[in-house]
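Let's take a friendly look at how two chains of an assembly meet. Have the model open beside you as you read.

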Protein chains: 4
Amino acid sequence: MSGWREECGIVGVYAPGEPVADLAYLALFALQHRGQESAGLAVTDGRQLDAAKGPGLMTEAFRDRRPDLAGHAAVGHVRYSSAALHSSIQPIFAYGHGGFLCLAHNGNLVNAPVLRTGLERSGCIFQTSTDSEIILNLIARFPGPTLEDRVKGSLAQLEGAYSLVLMTGQTLIGARDPHGFRPLCLGALKGGGYALASESCALDAIEADFLRDVAPGELVVIDQGGLRYESIGGPPVRRAACIFEYVYFARPDSVLDGLSVWQARYNMGRRLAREFKVSADLVAPVPDTGISAALGFSAESGLPYLEGLIKNRYVGRTFILPNQARRRGAVDMKFNTIRSNLLGRRVVLVDDSLVRGTTSAQLVAKLRRAGAGEIHFCLSSPPITHPCCYGIDTSVRRELAAAVKSVEEIRAFLKADSLHYLSRAGLLEAVDDPGEERMCTACFSGEYPTPVYGAFDDEGS
Amino acid sequence: MSGWREECGIVGVYAPGEPVADLAYLALFALQHRGQESAGLAVTDGRQLDAAKGPGLMTEAFRDRRPDLAGHAAVGHVRYSSAALHSSIQPIFAYGHGGFLCLAHNGNLVNAPVLRTGLERSGCIFQTSTDSEIILNLIARFPGPTLEDRVKGSLAQLEGAYSLVLMTGQTLIGARDPHGFRPLCLGALKGGGYALASESCALDAIEADFLRDVAPGELVVIDQGGLRYESIGGPPVRRAACIFEYVYFARPDSVLDGLSVWQARYNMGRRLAREFKVSADLVAPVPDTGISAALGFSAESGLPYLEGLIKNRYVGRTFILPNQARRRGAVDMKFNTIRSNLLGRRVVLVDDSLVRGTTSAQLVAKLRRAGAGEIHFCLSSPPITHPCCYGIDTSVRRELAAAVKSVEEIRAFLKADSLHYLSRAGLLEAVDDPGEERMCTACFSGEYPTPVYGAFDDEGS
Amino acid sequence: MSGWREECGIVGVYAPGEPVADLAYLALFALQHRGQESAGLAVTDGRQLDAAKGPGLMTEAFRDRRPDLAGHAAVGHVRYSSAALHSSIQPIFAYGHGGFLCLAHNGNLVNAPVLRTGLERSGCIFQTSTDSEIILNLIARFPGPTLEDRVKGSLAQLEGAYSLVLMTGQTLIGARDPHGFRPLCLGALKGGGYALASESCALDAIEADFLRDVAPGELVVIDQGGLRYESIGGPPVRRAACIFEYVYFARPDSVLDGLSVWQARYNMGRRLAREFKVSADLVAPVPDTGISAALGFSAESGLPYLEGLIKNRYVGRTFILPNQARRRGAVDMKFNTIRSNLLGRRVVLVDDSLVRGTTSAQLVAKLRRAGAGEIHFCLSSPPITHPCCYGIDTSVRRELAAAVKSVEEIRAFLKADSLHYLSRAGLLEAVDDPGEERMCTACFSGEYPTPVYGAFDDEGS
Amino acid sequence: MSGWREECGIVGVYAPGEPVADLAYLALFALQHRGQESAGLAVTDGRQLDAAKGPGLMTEAFRDRRPDLAGHAAVGHVRYSSAALHSSIQPIFAYGHGGFLCLAHNGNLVNAPVLRTGLERSGCIFQTSTDSEIILNLIARFPGPTLEDRVKGSLAQLEGAYSLVLMTGQTLIGARDPHGFRPLCLGALKGGGYALASESCALDAIEADFLRDVAPGELVVIDQGGLRYESIGGPPVRRAACIFEYVYFARPDSVLDGLSVWQARYNMGRRLAREFKVSADLVAPVPDTGISAALGFSAESGLPYLEGLIKNRYVGRTFILPNQARRRGAVDMKFNTIRSNLLGRRVVLVDDSLVRGTTSAQLVAKLRRAGAGEIHFCLSSPPITHPCCYGIDTSVRRELAAAVKSVEEIRAFLKADSLHYLSRAGLLEAVDDPGEERMCTACFSGEYPTPVYGAFDDEGS
């Protein structure tokens with residue numbers, strides 16, 4: 001799949017006496033897949049704040065230097081979208097009445113315009129267009145005797161998706177919005193101290209023991225006195241964890257809200273095989289995200305699992321196709337076929353999802369050129385019919401293939417022999433939420449768990 | 001002279017229909033001597049703001065890209081000190097209730113801590129430690145129907161030194177503090193429109209006609225309606241233009257507040273020759289800043305002017321002396337002697353000022369090695385006994401040679417045959433202010449034109 | 001596996017009227033896995049030679065510019081080892097009596113010292129330490145009426161491994177040593193013209209039709225007159241294609257000398273499962289090179305294939321582990337485990353080969369921490385007991401685990417429950433050469449197909 | 001003056017026990033004015049050769065690393081022209097029968113094509129288009145028992161201009177062609193050992209004592225046994241030191257062949273004032289190269305010396321004028337005027353030489369805009385009518401203003417009130433060679449001291 005873009009990954013480490021800058025760096029590195037366009041890291045020893053940030057992958061962003069202050073706490077962030085302004089790269093720092101605040105967050109607030117206008121009317125100025133700066137201004141202005149009071153009072157005003165880590169000179173706070181859209185988990189470091197991260201694979205990277213997921217609507221406060229949990233407050237809302245983390249975003253070696261991502265994808269593949277009976281010679285994945293589902297499909301269907309496509313690992317952010325090649329159109333450097341596995345074979349090709357469909361059509365053409373007999377294109381998720389407003393940068397609606405075309409029309413576009421989407425019920429079962437009580441499936445259904453404040457009004461034109 | 005560090009240079013251009021981004025870039029380039037550690041440039045067409053900034057000389061800061069929006073106004077800044085944070089590089093942008101504000105300023109506010117604490121108490125947060133961000137927050141919060149009202153009300157709260165250019169989508173404003181510490185001048189572009197700049201040499205660079213200096217306490221407002229002058233207001237205060245602009249900072253081809261910098265330095269040299277009669281064979285400058293004064297000394301004394309020292313033009317920001325060489329100590333790549341002019345000669349060596357004295361001692365040693373018979377070290381300014389708090393980053397007081405040593409002690413340290421400082425009266429006469437009614441000479445006298453709010457209290461330790 | 005290092009990848013394109021520079025670039029990009037430390041590309045239109053080369057991956061080496069001359073022929077090279085001197089980066093150019101020669105080659109000559117000493121004695125000087133420069137000097141000096149005569153006469157003097165592409169203003173020549181150690185294949189471009197490349201995946205990348213492998217001892221000459229094959233000549237020698245191309249080096253989507261690399265690895269896995277019967281719960285590969293063999297093992301044994309290890313795709317050339325982390329030792333960012341697939345399970349872990357064994361030991365430890373019950377470490381190749389002298393930079397002999405330790409000692413070092421190597425007979429069967437008539441297996445047997453001229457004499461000390 | 005381009009600067013250091021890499025680096029830095037487009041440095045300890053080279057100024061070329069081997073000898077080079085190929089950057093290294101040779105040279109061989117063709121016919125290949133590679137090949141092939149024999153025999157075949165330093169593992173050799181076109185001098189290091197350099201200012205930079213200039217046709221051989229002088233041999237030829245070193249190339253603080261460059265220029269100015277009597281108000285130089293001559297003119301004429309033009313020190317290699325500004329044409333960022341010195345004044349403007357005249361015309365226009373009354377343009381050298389073939393990259397003949405225009409035509413083009421060239425006799429007197437027995441003045445006279453082998457034949461077309 002291509003077209004979906006992971007928004008962000010965040011980490012926070014609180015561990016006096018430990019190399020927190022290095023730990024945060026390594027944990028963040030495990031989240032690089034969540035954002036490749038900028039990275040930032042900040043460390044504090046209570047008095048000083050040592051930070052570095054820059055565009056690109058972490059190896060680029062920290063080429064010149066990496067924060068190395070011997071501090072007790074650190075916060076890091078990787079981000080998908082290429083910020084025009086350097087100052088928009090997270091974490092965002094601000095100095096106010098009570099010292100500094102340093103924030104890294106993942107997600108998207110649906111009421112950001114309202115909050116920002118209100119703050120501007122009362123004299124606030126903004127140096128970036130980030131939600132982070134709104135949150136920092138809210139905290140700085142909220143009346144209240146303690147940091148926690150001010151943070152809780154501020155977060156209560158937010159609507160939408162956010163998982164965040166907030167660092168002051170003395171305290172590290174992790175928080176997750178009441179719906180729990182984006183993931184956040186907590187671990188205990190071997191040498192003492194705690195770590196917060198978007199995914200559990202980041203805890204593995206620093207050999208931290210997984211303690212538990214931060215609960216929706218929960219605040220984890222870590223300071224000299226240890227660890228305590230508080231509630232953001234507000235009226236109860238339904239849980240709505242992003243189901244796409246399981247379908248595509250998260251790393252397969254992560255466990256989110258108690259469910260292994262790998263296992264969820266394997267389940268999707270099994271379920272898909274139950275929904276779609278086909279006579280074929282083999283099952284092959286679109287690497288890498290289709291692998292677990294293809295294995296599940298193979299296990300359930302009894303069809304052998306083989307590799308049909310090989311991915312060129314060097315096609316990265318900075319690879320640019322020559323003009324000549326681009327004009328020829330068909331050339332795609334990212335995948336090549338293994339002819340001996342495809343020639344004359346009937347192939348079930350498994351991918352996780354389909355946004356625009358252009359890459360999928362290229363893959364089908366490649367398989368045809370390699371001699372594949374039949375190609376049955378299978379997706380481990382339902383048709384994506386609605387854009388996301390909780391932090392995932394999909395296309396606007398009219399660019400979503402499934403929003404404007406029928407399944408048959410898409411199949412014809414792909415030139416596949418057949419096209420099969422996993423049903424919504426099948427997907428929910430695969431993530432162990434058959435009653436849809438815990439997951440957000442708005443991108444498949446248009447049923448947004450929050451008001452969307454006319455976010456998509458101007459799309460139609 | 002070395003040890004003094006120019007703080008900043010600023011430019012603003014308002015010229016619908018002209019290439020304002022290029023004009024601002026060229027004007028700023030003429031001010032590169034005022035700041036070599038970072039540079040920034042912002043252009044607007046009323047709706048968009050196109051900006052770039054970065055560390056280093058302009059050629060480095062704009063290596064990747066230079067703003068090239070076809071706009072009607074632009075603002076630029078070069079800065080001496082190497083900002084830790086990228087977001088501290090000016091111009092600073094902020095978006096508030098009335099649109100964006102973009103500010104570049106030169107100088108130092110003495111009441112910045114008070115203003116900042118007040119703002120923080122009322123919920124403001126700061127992402128940098130710049131005075132600029134304080135000024136922007138004051139403007140954003142000041143009540144008033146028009147931008148000018150809000151700017152005037154805000155500037156009236158500032159104490160200390162500032163010359164600034166402020167750009168919004170529609171308006172370009174230049175302002176200079178009531179004392180007039182730092183320079184600012186106004187020119188008219190050949191093709192229509194106006195330019196503001198720290199020094200007149202920047203107007204020359206873009207072939208703008210010099211109109212006049214912005215007066216102390218004055219606001220120049222430029223917009224679609226043309227040009228108008230307003231007053232910041234407040235009680236009248238004495239004029240206090242920084243005399244060091246004439247001694248060292250400004251380019252000799254600039255004219256500040258009606259006085260040619262080259263001519264002022266030449267006058268200093270003449271006056272120095274009247275104060276110090278010496279029997280010698282030649283007058284030689286420490287290039288480049290000692291040249292004009294040495295020529296004046298030569299003209300007045302009748303001693304021939306010759307070159308004794310040659311400067312290596314390639315010793316710049318990025319030149320790093322090898323460790324081995326540094327350990328040997330005496331090696332200084334910046335200057336070499338012209339032996340044939342020095343051998344057996346009695347030399348009057350003219351420099352502009354002396355801060356720590358280490359470089360001066362190296363120069364004397366070099367001249368001795370080249371065979372100079374006598375060396376009379378002459379300075380075109382009085383002993384610097386007090387640090388500056390108006391935007392010039394000198395040493396703290398205890399590092400100023402003249403604050404802790406007698407003239408004879410300094411001479412002995414330099415190993416010169418004699419050492420002569422221009423008198424304060426002589427300097428004031430050279431800049432045509434014999435009654436000291438227009439100039440700030442605090443660094444020579446300790447008589448600061450404003451309260452200093454205990455700025456130097458913690459120096460003694 | 002780690003420790004083995006691919007030497008080089010080469011491409012040559014001859015196609016008047018086609019964008020040869022772009023085609024060579026794209027073909028070379030498909031060979032990036034064969035060399036990541038430097039890259040070079042040269043294009044000619046018969047008169048001019050436009051070239052660029054640099055250290056690092058292709059995206060780095062060609063960051064500033066890529067040759068874009070509209071020529072008729074191009075040659076490219078990627079190389080493993082980080083050359084100290086820029087001039088050692090291939091292709092190497094030389095201008096001589098008959099115009100220029102441009103050479104890119106893969107392999108290692110065993111008689112290079114002898115050839116070089118002879119050339120030096122006759123007045124030759126060398127600006128690099130490459131075999132390429134030796135070959136160019138031989139060609140320049142060899143008497144003969146035609147280029148082909150001189151090339152054939154020169155290549156006949158070489159002993160050891162080489163596949164090369166040689167470009168002059170008019171001609172492109174590909175050649176493969178009489179043993180055929182390193183691969184080289186030929187394709188026909190859709191728009192006319194020909195391409196030579198180390199592996200067939202490079203032909204796929206530019207949609208060239210595979211024509212055939214260049215035969216051992218064969219010369220392919222391409223010019224205006226078309227394509228012709230010639231023989232290097234010399235006494236017949238045994239074929240000796242590097243078996244390690246199939247075990248580890250080549251991309252699985254390549255077909256070398258008629259055998260699919262993917263299929264060969266799959267065969268190795270099947271054969272391994274026949275040699276090693278074990279009671280276990282699952283088969284898991286060390287990604288990526290163990291995947292095909294693990295699938296073969298699974299198919300043959302009937303044990304389910306599952307993913308147990310996930311590779312962090314961002315750990316590349318420029319990733320540097322922080323000191324702190326390095327000191328802790330156990331931290332390895334490259335792999336993470338999928339716990340749900342491992343907990344309490346008996347695992348057959350399949351890798352391609354083992355050089356030093358340190359990474360393998362870390363992987364076993366990781367699986368243990370993830371709760372694996374039993375770990376049976378399986379290798380799809382025999383113990384490596386002898387270093388290579390044909391272009392693969394392995395360790396010297398005493399650093400090869402299998403050269404100095406018994407299998408049981410290695411197992412104990414890995415802390416695996418069992419350790420199994422594929423037999424040499426099994427490997428040869430997997431590559432369809434049961435009688436060992438076509439392959440070089442010197443690294444497993446010490447039976448070098450050529451004299452080695454005391455190359456390893458000084459190792460023991 | 002602009003248009004002339006200095007070719008090269010070279011250094012060699014032999015000093016066991018001293019930090020030769022650092023010393024060579026510092027000495028070379030003093031010669032940066034002789035070449036700004038590439039730099040290289042090589043050090044040896046007898047066994048190893050540690051080298052680095054790259055494009056740009058030294059700070060750029062050695063940005064990544066600088067050779068730091070603890071060796072006993074080092075060689076360095078700076079070069080004007082931007083080499084297309086990295087391998088053309090000097091020093092050039094070659095490994096041959098007797099070990100390595102490392103060469104840096106300044107100058108241009110007139111018989112290079114003949115020598116190269118001969119070498120190519122005997123089987124030599126060339127990886128660069130440098131004269132250096134020709135010289136290295138000659139040395140490698142010349143029969144002879146000792147290095148000195150081979151070097152002498154090789155140099156005897158060269159015709160044209162060369163000053164060179166050649167380093168082997170044990171020996172450092174300096175040599176200057178029999179005419180002595182390009183300078184080369186020798187110094188003794190304080191800590192023991194010797195240094196060779198293009199100009200004496202490089203010896204000053206490392207506090208080496210100047211011993212003497214290397215004589216035309218002389219070889220200086222430095223090794224463990226100390227220092228010895230030998231002769232290249234061959235028939236005696238006239239001395240022909242490049243007079244343009246005194247006019248423009250060399251640094252004013254250098255002493256070449258016993259004559260101070262500063263003093264020579266001062267003499268040119270004095271002589272010019274004797275040849276051209278004018279009624280004027282002041283003498284002003286074109287900085288920097290016109291300064292010494294202007295001072296001489298002032299001393300002789302009695303007219304006061306003042307600064308009329310100020311040079312922007314930041315306009316360097318990497319400064320690029322924006323398109324818009326370029327189109328406006330007249331904008332020149334390099335110089336600004338000091339109006340107060342020019343307004344209504346009759347000015348004698350002194351520059352060193354005039355090639356195309358375009359910059360000079362811009363300067364005259366600038367002075368006019370600043371209000372200068374009369375402008376008398378004076379040049380401290382005669383009209384340049386012939387191109388150089390000894391290592392100075394002037395224009396081809398038809399681009400030399402004085403080759404195709406009369407003095408009056410040039411004056412009219414400059415729009416100056418008068419234009420005066422120093423006479424050839426005057427120039428020769430200024431450099432203390434009234435009988436023209438030691439200097440080459442070919443660029444003024446067309447009397448080339450060597451055959452030119454049709455070098456300029458194809459110019460006319």
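Here is a short briefing on the pairing of chain D with chain B.

This is a predicted model. In it, 58 residues of chain D are in contact with 58 residues of chain B. The copies meet through the same surface, because 100% of the interface residues of chain D are also interface residues in chain B.

**Buried area**
- Chain D and chain B bury about 4,600 Å² between them, and carbon and sulfur atoms give 59% of that area.
- On the side of chain D, Phe29(D), Trp262(D) and Tyr314(D) lose the most area to chain B, together 14% of what that side buries.

**Polar and charged links**
- Six salt bridges are found across the interface of chain D and chain B.
- In a salt bridge between Asp288(D) and Arg313(B), the closest N and O atoms are 3.5 Å apart.
- Between chain D and chain B, 16 residue pairs are in polar contact.

**Who contributes on chain D**
- Elements giving two or more residues to the side that touches chain B include α1 (20–29), α8 (261–275) and α9 (291–301) of chain D.
- The largest share of that side, five residues, comes from α1(D).
- The residues of this side of chain D comprise 29 nonpolar, 15 polar and 14 charged.

Key. Residues are numbered from 1 along each chain as its sequence is written. Chains are lettered from A and ligands numbered from 1 in the order in which they are written. This is a predicted model: local features need pLDDT of at least 70, side-chain atom pairs count only at pLDDT 80 or more; totals for chains, interfaces and linings use all residues. Side-chain values use heavy atoms; hydrogens and water are left out. Contact means heavy atoms within 4.5 Å. Buried area is the accessible area (1.4 Å probe) that two parts lose on being put together, summed over both. A salt bridge is a side-chain nitrogen of Lys or Arg within 4 Å of a carboxyl oxygen of Asp or Glu. A polar contact is a pair of N or O atoms within 3.5 Å; within protein, one must be able to donate a hydrogen and the other to accept it, and residues adjacent in sequence count only if both atoms are side-chain atoms. Helices (H or I, at least four residues) and strands (E, at least two) are DSSP runs, numbered from the N terminus. Ala, Val, Leu, Ile, Met, Phe, Trp, Tyr, Cys and Pro count as nonpolar, Asp, Glu, Lys and Arg as charged, and the others, Gly among them, as polar.
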